[in-house]
Amino acid sequence: MWRQLHSRFGLPLTMAIVSLMGIWLIVMVLLPQWQMIDYSFHPALLPAERGGAKDVWSLTNYATFFHNEIHLAIFFKTIWSSVLVTTLTLIVSYPLAYYLAKVATPGQAALCLLLLIIPFWINEILRTFAWYIIFAFRGPLNELLFALGLIDRPIRFLNGDTGVLVGMVYAYILFMVFPLYNAIESLDTNQIRAARDLGAGWGRTHRRIVIPHAKPGIATGCIMTFMLAAGSYAVPALLGSPGSRWFTQIIYNWFFEGGDWNQGAAYAFLLLMLCIVFVTVIMRIFKVGLGDIAK
Amino acid sequence: MSSSRFFSWAFKAYLVIFFAYLFLPLLIMAAATFNESRFPTVTPWTGTTLRWFSALWADGGMWDSLANSLLVAVGVLCLALPIGVASALFLTTVDGRGKSFIYALILSPLLTPGVIIGISTLIFWRDWGVNGGIALTVIAQSAFIAAYVMLMVAARLQRFDRTLERAALDLGASQWQVFRRILLPYLRPAILSAAVLAFLQSLENYNTTLFVAGYDTTLTVYIASKVRTGLTPAVNALALVMIVFTVGLAVIYELKRRREAARRIA
């Protein structure tokens, strides 16, 4: 590798390239992750005790997690809700992606894409805040439902998981639409026409032609959405209540309220493992590689 | 025939609902800025006012956090752009064993939850005596923003015609001159778009920043804390200003990108 770089760029540039990448991948990515894992296997100690007799390798931090029923429940709720968010997002996004890629005229598609991109550029906090206003106890949604005669007293949307789910689907929908759109767009429209001519119904055409072709897009969208949902702090913090806490909020509390970084590191590592397992499983199921995701 | 008409009708309804879902929340948030009410809402409408803009203008905490955010964003540009460009040059030049491993390593920050990047950076630098603040925020954000820069620059670099390089070398240019006069000018548009993207990504980041910002509150951290304590429509005013700013930038960026794409086809 060195030789290829050296023959193309010469010594000074090659050294610059290699050292910049080294700083990034080693100092900014690998070592911090390693340090976090290392922390998680050590007890929390005073600075003076560090490196001393008490500074031993232990599983205490993980034992704490597995013995805390509330934290276990929140961990599994986070997984389940993130899967739910991912599924909902996929269902809502698929028809739109199909429309943009195969039904709309180029002009319509260009306009729709521009409209889709605009909210995508707006910060997650603000997009979540918008729902906070809508869901407020005396906010527009309650007023609307009241005016329609559907309810006779306001609903506390911000008190359970509903607000968090709706807010997350809203915040991450574009991470699903774009990979789906890119995948479906590369499908030759003649294949759809052929399937229709040979008598396949809409359901069958999608099941046998469009969806198999869109697999890498579906996988990418699901991975991104799940990862963002499971790792989200903003949405549950703004739209949730103490009763509907997210795993990231527990991690945050270990760091900034409990003051136990080692314990927090263990929880963070569990979250990381969860995402790695999810990514691996999805990549296996859909038989896609990392290269497909980067597109 | 009638079933297909039903489908096309249902589909139009779906499109309308989808885009309403996308934009109504933003419109309601924007509209609440102009409501007299102390709590940001559109129901009931207690009177139209512009006073929340002056309340925002007079908010010292907002200006401090804005200054921090801009400082961080500039820092991210200085760190993530060179790293991203270097990695793109690396990946498009080498092949061989190890490459797919390095490629996976480069993409890994994009598949890691933002909170984890923040946490690991915070833990790592504590042992070196660096606590949460602007410097750490720059480092943590650059860890994943550099990957976006790499992807955008590499996409353009893959279409680069290497014979241009060889021709310049044959004509006696040094390798540095080839890089400076041929490769960099060729990459300029990609680097510029990557810079816009990196700047906005930095400005908007919350999940990573939350853990590493320390007492140097950035704009997003400030907004989130305001929503939980001391929420007034001044937050909406700030949201509106930020939306106008980002959407303006996004539209310019998008139009430029399209013109570029059109030129490539022609």
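Of the 266 residues in chain B, 41% are buried. The structure is a predicted model in which chain B is built from 11 helices and 0 strands. Chain B meets chain A in a contact that takes 67 residues from chain B and 69 residues from chain A.

**Fold and dimensions of chain B**

- Along the sequence, the elements of chain B follow the pattern α-α-α-α-α-α-α-α-α-α-α, in keeping with its count of 11 helices and 0 strands.
- The radius of gyration of chain B is 23 Å, whereas a compact globule of 266 residues would have a value near 18 Å.
- Taken along the principal axes, the box filled by the C-alpha atoms of chain B is roughly 75 × 70 × 30 Å.

**Contact between the chains**

- Chain B contributes 67 residues to the contact, and chain A contributes 69 residues.
- On the side of chain B that touches chain A, helix H1 (residues 2-32) of chain B supplies the largest share, with 11 residues.
- That side of chain B consists of 49 nonpolar, 16 polar and 2 charged residues.

**Annotated regions of chain A**

- An unreviewed UniProt entry assigns the annotation "transmembrane region" to residues 12-31, 74-97, 163-184, 217-239 and 264-286 of chain A.
- One of these segments, residues 163-184 of chain A, is 100% helix and 0% strand in the model, and its end C-alpha atoms lie 31 Å apart.
- Another of them, residues 217-239 of chain A, is 87% helix and 0% strand, with its end C-alpha atoms 29 Å apart.
- The unreviewed entry in UniProt also carries the annotation "domain: ABC transmembrane type-1", which covers residues 75-282 of chain A.
- Over residues 75-282, chain A is 79% helix and 0% strand, and the end C-alpha atoms of this span are 20 Å apart.

**Confidence in chain A**

- The mean pLDDT of chain A is 88, and 99% of the residues score at least 70.
- Where pLDDT is low, predicted coordinates should not be read in detail.

Key
Residues are numbered from 1 along each chain as its sequence is written. Chains are lettered from A and ligands numbered from 1 in the order in which they are written. This is a predicted model: local features need pLDDT of at least 70, side-chain atom pairs count only at pLDDT 80 or more; totals for chains, interfaces and linings use all residues. Two residues are in contact if their C-beta atoms, placed from the backbone, lie within 7 Å. Helices (H or I, at least four residues) and strands (E, at least two) are DSSP runs, numbered from the N terminus. Ala, Val, Leu, Ile, Met, Phe, Trp, Tyr, Cys and Pro count as nonpolar, Asp, Glu, Lys and Arg as charged, and the others, Gly among them, as polar. UniProt positions are given in the numbering used here, feature names are shortened, and annotations may be inferred rather than shown by experiment. pLDDT is the predictor's confidence in each residue, from 0 to 100. The radius of gyration is taken over C-alpha atoms; the globule rule is 2.2 Å times the number of residues to the power 0.38. A residue is buried if 20 or more other C-beta atoms lie within 10 Å of its own, exposed if 12 or fewer, and partly exposed in between; C-beta atoms are placed from the backbone.
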